[in-house]
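Q: Could we go through this structure together, starting with the aromatic side chains and then turning to the strands?

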Amino acid sequence: MQRLPYQQNLDSVAGVLDKAEALARRGHTDQALDVAIEAFADRANRQALVRQLMRGYYPTFSRATALSTRKQANTMIATLRRSLIISTGQGNHSGRRFAPWVHTSTGQSQPKPRFTVQVYARRSLGNAWAGNTINTVIFRHHGILTDGKTQYTAFYVDTHTLRLVQRDLATDSLTTHDLRGEYNLRDAHNSVSLGQDRQGHLHISYDHHATQLRYRRSIKPGDITAWSDELPMTGSHEEKVTYPTFILPHHEFPLTFLYRDGRHNKGTARLKTYDEATEIWANHPQAILSGAEQKPWTSNAYWNHPAVGADGLLHLSFVWRTHPLGEEQRINNINIGYACSHDNGLTWQTSHRRPYRLPITQVNAETIHPVSPGSNLINQTSMALDSHNWSHIVFYADDPVGVPQYQHLWFDGRVWHHQFVSKRTQGFSLQGGGTLQIPISRPEIVIDRHDNAYIITRGDHTQNRLAATLLPAPNYIYQPHNIQILADEDIGFAEPIIDRERWQKENMLTLLVQYNEQPNHDTGHRAVQYPISLIDIQLNPEQ
């Protein structure tokens with residue numbers, strides 16, 4: 001096959017960029033720019049150079065180029081940006097449906113998405129707290145939960161009311177129950193998570209950010225109207241709890257509780273399991289992830305949504321965070337790691353089934369995708385499994401020119417693959433403490449019965465609408481036009497909350513949808529309420 005002109009130059013340009021990257025890493029920014037600009041000046045090399053940069057192999061040089069004030073560097077970056085840009089319908093669209101495959105600035109049509117969206121039902125749940133994203137932070141596990149034909153969710157109405165909702169999917173009737181108490185809604189970390197044991201009792205954990213565990217369980221199976229008082233689990237390592245995560249019973253393993261013990265830069269991930277017969281929780285013998293004892297700098301592992309395969313394997317992916325960078329306190333998440341367990345978290349292995357010694361730390365963790373410090377890598381995103389029980393992970397971090405882009409990482413049984421799955425043009429920085437006001441949500445992912453992957457997001461690329469991007473199996477090639485709006489309403493800074501169990505069993509996507517404000521750093525809240533709803537959606541790929 002005849003190579004195109006730019007393909008004939010790829011190897012030589014790669015050598016140029018290898019040299020520029022090495023110079024940039026040693027701090028010789030001007031010399032690195034000289035090398036690349038000389039290559040860029042040759043028109044025959046220009047397209048090859050841009051394509052090499054788009055691959056993301058030269059992050060230090062790309063960042064230095066993006067920050068440079070030199071005219072030639074700006075010209076090079078402008079060319080690269082034009083290669084990355086795809087119109088997403090920016091501009092004034094009030095009063096009409098957002099159609100992301102239409103290039104609104106010129107009227108030029110793109111191909112239409114290769115799937116359709118069908119809304120089956122929308123169920124209003126009344127008004128709820130919306131002064132920040134506490135009801136819709138993506139790390140709620142579970143924020144919605146289905147058992148058979150009964151669906152459960154929970155959210156805060158106000159500082160004294162945590163509302164449970166039970167929905168009969170056969171009749172669409174609702175039962176609600178309010179847990180009265182004192183709840184700190186001024187910190188979006190303090191979200192609510194639901195679980196269910198093998199006898200059908202519901203479990204709920206809520207309202208902590210490195211604080212004492214708050215936990216209850218229902219008195220009767222499948223009943224939200226009567227609850228225990230607040231209880232300890234084991235009483236051990238329960239003073240600094242964050243991110244309560246219920247891993248539902250599976251393959252004869254009991255309800256399992258995953259949580260962080262510690263703080264954002266000095267944390268340990270621990271597990272507890274529940275025995276229905278004795279109504280007693282037990283600690284796992286060892287922590288599974290920890291940076292609390294590292295020296296000279298401690299760290300913490302932030303996990304994505306855990307996933308359980310049809311073979312019973314428990315999968316975890318995670319990033320590491322250590323001290324912030326610079327005077328601007330830039331958030332320092334680095335690398336994406338992976339571990340799996342065949343015995344519900346007692347022992348762990350790498351993706352190639354090499355055994356770990358516990359706890360897993362930054363030193364011995366398998367890095368499946370390297371991300372350098374200060375690259376706007378977001379923590380706590382999502383993971384799903386295909387029919388081969390292979391992992392698919394979505395996240396966002398900087399592209400080669402310093403713009404945060406959604407990215408897809410997946411395993412084929414032998415190697416991990418990576419691709420960018422957005423073409424944003426506006427940069428931002430993750431910096432400072434508390435929950436941030438970020439123009440894009442963290443991404444969610446689901447995989448259908450045909451192994452197609454759908455990435456669910458909200459942000460400046462969708463006019464703050466929830467949208468799904470299709471990556472068709474088996475090659476998962478990203479095409480910018482393969483996006484559809486799921487709910488044509490502005491949801492502010494909310495993130496996608498999905499019913500994982502219902503999707504797995506029925507391929508019906510239920511979303512908890514609410515418009516949320518989110519003051520930067522969780523300061524300056526308004527005590528506002530907005531409607532909150534459940535929406536049932538079916539995603540139909542072309543056959």
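Q: Is Phe257 buried or exposed?
A: This is a predicted model, and in it Phe257 has a relative accessible area of 1%; because buried means under 20%, Phe257 counts as buried.

Q: How many aromatic pairs are there by the ring-centre rule?
A: The count comes to 19 aromatic pairs. One of them is formed by Phe246 and Phe257, whose rings are 5.1 Å apart centre to centre with 50 degrees between the planes, so that the pair is classed as tilted.

Q: What kind of pair do Tyr454 and Trp503 form?
A: Tyr454 and Trp503 form an edge-to-face pair, with 6.5 Å between the centres and 75 degrees between the planes. Tyr454 is in strand β26 (residues 453-457) and Trp503 is in helix α7 (residues 500-506), so this pair ties together parts of the chain that are 49 residues apart in sequence.

Q: How accessible are those two, Tyr454 and Trp503?
A: Tyr454 has 0% relative accessibility and counts as buried, and Trp503, with a relative accessible area of 5%, is buried as well.

Q: Back to Phe246 and Phe257: which residues are in the cluster that ring pairs link?
A: The cluster consists of Tyr215, Phe246, Phe257, Tyr259, Tyr274 and Trp281, linked by ring pairs.

Q: Switching to strands, how do β13 and β14 run, parallel or antiparallel?
A: Strand β13 (residues 266-275) and strand β14 (residues 280-283) run antiparallel and are joined by 4 bridges. In one of these contacts, Asp275 has Ile280 in β14 as its bridge partner. The two strands form a hairpin with 4 residues between them, and Glu279 in that turn has a positive phi of about 55 degrees.

Q: What is the strand order in the open sheet of 3 strands?
A: The order is β8-β9-β10, and the pairing is antiparallel. The edge strands, each pairing on one side only, are β8 (192-196) and β10 (215-217), while the twist from one strand to the next averages 20 degrees.

Q: How many bridges join β8 to β9?
A: There are 5 bridges between β8 and strand β9 (residues 202-206), and these strands run antiparallel; within this part of the sheet, Val192 stands opposite Tyr206 in β9.

Technical notes:
Residues numbered from 1 in each chain as written. Predicted model: local features only at pLDDT ≥ 70, side-chain atom pairs only at ≥ 80, totals over all residues. Heavy atoms only, no water. Phe/Tyr/Trp six-rings, centres within 6.5 Å; stacked < 30°, edge-to-face > 60°. Buried < 20%, exposed > 50% of the residue type's maximum accessible area, 1.4 Å probe, protein only. Pairing = 2+ DSSP bridges. Axes fitted to C-alpha atoms, helices over the stretch in contact; angles between N-to-C directions.
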